[in-house]
Amino acid sequence: MSARIAGRAALLAALAAVWSVAAYFLWRSQVPSSLQLPHVEVRHLFSAAQLRAASSFGRFTTLDWALAELAQLAVFGLYAWRGARFTRESAAGPIGTGMLLGMIGFALVWISQLPFDFAGLWWERRHHLTHVGYVAHAFGNWLALGSQFVFLCLALVIVMGFARLVGGWWWLPAAPLFVGLAALSAFVTPYLLSTHRLQDVQLQAQARVLERTEHVQHTPIVVEPVHDVTELPNAEATGLGPSRRVVLWDTLLDGRFTDRELRVVIAHELGHLERQHLWKDIGWYALLAFPGAFLIARVTRRRGGMGRPEAVPLALLAIVVLDLLALPLQNAISRHMEAEADWEALQATRDPAAATALFKRFVSTTLDEPAPSTWEYLVLENHPTIEQRIAMAEAWRRYATSAAQSP
Amino acid sequence: MDPHPVQLVVEDDLRRSRLTVFFRLLLAIPHIVWLSLWTLLAALLAVVTWLVTLIAGRPPAGLHRFMCAYVRYQVHLSSYLALAANPYPPFDGRKGEYPIDVTLPAPGAQSRWKTLVRLFLAMPALLLASAFGGSGGSRNSGSLVTACAALGWFASLVRGRMPKGLRDAGAYGIGYGAQVLAYLLFVTDRYPNADPTALLAGVERPPEHPVRLVGDAHDVRRSRLTVFFRILLVLPHLYWLVLWSVVAVLVAIANWFVTLARGTPAAPLHRFLSSFVRYRLHVYAFLYLAANPFPGFTGRAGSYPLDLELPAPGRQSRWKTGFRIVLVLPAAIVDAGLGSGLFVAGVLTWFVALVKGSAPWGLRNLMAYALRYDAQVNAYGLLLTDAYPHASPLEGAATRANAFDGAA
């Protein structure tokens, strides 16, 4: 017995070691480890009114998020307890019935989230951050909702199919398959966006220079029209290999941001591509998918395992709880990569003043809190705070100055 | 349950005069003008009837007689226009003089509450009648009655006879319209019943078709939760059905060549296409709430409460096989006409099932009819049988008790 326990402990230790080594390689960053972020006094950078507005906006959205999470947990909890009874509404065999139970769970959560969605929308409309109507918000995106349902069904087919084939070890073949699907999704997503090429010739030329500087030549810079639905400015690096591109929301190009600031945005997104952050995202997903799937397999054993449809409601609850527990880690990983992209942008543009101006402008355009509370930072912030980003620009300026002065 | 007080009487012998069929629309012009005037008067008197019924609790005899004559005249003229009957109709809506007629109740006590909100209550039935396009409903070009009339026009000109299936389907639409009109005009306060079996109770059944419904006909319980989310829950099935349809078309082409060469479909192809037709029925039955459980993805026989019996591969006429794609078109037109009725019935069932947790028997049987016909069209188009789809709302005369053609 003790040999068995020792064997398991050794296996666990070996797996933990492999996990740690992989995590170490994924965590490596271009940001100098010795870099010390200077203290930034946000009260000197923003007016009291700006800070008050951002704080008030953030308080409501945080409360809305927390209540929505609680509601989601309550619904999934109830569903895990009572949901198995819906097996009688199916004539579709075990896997089909599992799909039905999964979809019912999702549908219930969708309904339970609507009040919080509406509250969030009301708040954003009140602050002139969006123009979307309530009906359009709830029912305007049926395609996306339908796609979620179809993806959920596909996921259940994979999990339940393997569970019926190999029993409790389903997570071993299923996890790599999900990683493959995540990679496929990352590859395909850019082709599904409705975008057009960047029209601004001057900005285009600057982007070409940045691409060369950051060694990501021939990356298309495209514009996504979103002004009909939101006022929020945003940009993203997306795609893998031939599908990779930088997508700028057209709200960035409506005159609120200077060309120098836009240069920083483009350099930041190119930084993501240069540092292979999308691949790293998939790598992190893989590192979390294996233990996550293993834990779900363990949790659902009491319902007969994932081969049985009765286990699906419990599995949904387990996924949501695990996702919530992993949120601080996921946010930390995201913030780490965003900080590296900021650093790459500073290295490429060598314009910390523009970066500082850009980050300051985010407070007035997105109502982002410059320095949120610690728990908000851990649970909700997937980017460095405005305070940290401004501090990084200042740190880069000092770093570059000292590097230039050193013999 | 008592039979509905508005009953359709069908004494038509299917024979048609080619000459009057050819000029039918022109010949009907005086009737259409007369009907317009009559409709104007009926609309005005309906308000008076409404007020009197609201106060007295029953419609006055004189006005009731007028409304009965109007409803009957609508039925006569609609039947004439839709070729559901042959003779030129009388102008006064008299009783018992026309091969397609209705029996109407004597004036009786009516609930004042139902009278007060009659127009509102009649909306769902009007919507359904409109989808059929019979008397009382609008004659939209995509309706069942219009499709049957248009196809019947050609058939009657060629054969001098109206095909029974088209006549029955047209009569059904007209009969349902008459029930709606009678309800709306305070002839009765009994709600219209869309059950085809009940409406065509006295009509002779067609011969048994090799493609027919089987299963648990009395499964009207519906889970409110799965009803509420039905559109979302059916999505994976719709995706799967689209994928399967693409393959089915390719297999059907292969099956066409095989059947043309051998006179019999290839067994594996026949099996595959049978599963496809059955699966399609399961999915649509689930989508439109004609059945309750979430269906399987394989179209396995006996796996669903609303299931399909399909013939084994057998000899088929090579002529019918060669021209199948053309021959199936008329049936596809009727199918499309029925499809709008199916859609409306599905939407109405959604509301009822959410409240009551069960599907209304009449709507459920109407949907079973539409789904059965759709399956027959698919089976014919995909060469599973060379028996032409029968448009009659009545299931074929069976040697055994047929589960889907009885009253609840």
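The model is predicted.

The interface was examined first. In chain A, 20 residues are in contact with 19 residues of chain B. About 1700 Å² is buried between chain A and chain B. Carbon and sulfur atoms give 81% of that area. Polar links were also found: 5 residue pairs are in polar contact across the interface of chain A and chain B, with both residues at pLDDT 80 or more. H4(A) provides the largest share, 9 residues. By class, this side of chain A has 16 nonpolar, 3 polar and 1 charged residues.

Strand pairing also crosses between the chains. S1(A) is joined by 2 bridges to strand S4 (residues 294-295) of chain B. The two strands run parallel. A:Ser90 has B:Phe294 as its bridge partner in S4(B).

The rule finds 1 salt bridge across the interface of chain A and chain B. B:Arg221 and A:Glu89 form a salt bridge through their side chains, at 3.0 Å from N to O. B:Arg221 lies in the loop between strand S3 (212-215) and helix H10 (224-228) of chain B, and A:Glu89 in the loop between helix H3 (48-82) and S1 of chain A, so the pair joins two chains. The two residues fall into separate accessibility classes. B:Arg221 is partly exposed, at 39% relative accessibility. A:Glu89 is buried, at 2%.

Within chain A, strands S4 (residues 235-238) and S5 (residues 245-249) pair in the antiparallel sense. Their pairing extends over 4 bridges. A:Ala235 stands opposite A:Leu248 in S5(A). The hairpin of S4(A) and S5(A) has 6 residues between the strands. In this hairpin, A:Gly239 takes a positive phi near 90°.

A:Gly105 is buried, because its relative accessible area of 1% falls under the 20% limit. Leaving aside neighbours within four places in sequence, A:Gly105 is in contact with A:Phe76, A:Tyr79 and A:Leu316. A:Gly105 and A:Pro313 are 208 residues apart in sequence. In space, their C-alpha atoms are 6.8 Å apart.

Over all chains, the structure holds 25 salt bridges. One of them links A:Glu41 with A:Arg43, whose closest N and O atoms are 3.2 Å apart. A:Glu41 is partly exposed, with a relative accessible area of 26%. A:Arg43 is exposed, at 60%.

In chain B, the side chains of B:Arg280 and B:Asp374 form a salt bridge of 3.1 Å, N to O. B:Arg280 lies in helix H13 (residues 267-287) and B:Asp374 in helix H16 (residues 361-381), so the pair ties together parts that are 94 residues apart in sequence. B:Asp374 is buried, with a relative accessible area of 11%. Chain B also holds a network of salt bridges. This network links B:Asp12, B:Arg16, B:Lys164, B:Arg167 and B:Asp168.

Notes
Residues are numbered from 1 along each chain as its sequence is written. Chains are lettered from A and ligands numbered from 1 in the order in which they are written. This is a predicted model: local features need pLDDT of at least 70, side-chain atom pairs count only at pLDDT 80 or more; totals for chains, interfaces and linings use all residues. Side-chain values use heavy atoms; hydrogens and water are left out. Two strands pair if DSSP finds at least two bridges between them. Contact means heavy atoms within 4.5 Å. Buried area is the accessible area (1.4 Å probe) that two parts lose on being put together, summed over both. A salt bridge is a side-chain nitrogen of Lys or Arg within 4 Å of a carboxyl oxygen of Asp or Glu. A polar contact is a pair of N or O atoms within 3.5 Å; within protein, one must be able to donate a hydrogen and the other to accept it, and residues adjacent in sequence count only if both atoms are side-chain atoms. Ala, Val, Leu, Ile, Met, Phe, Trp, Tyr, Cys and Pro count as nonpolar, Asp, Glu, Lys and Arg as charged, and the others, Gly among them, as polar. Buried means under 20% relative accessible area, exposed over 50%, partly exposed in between (1.4 Å probe, protein chains only).
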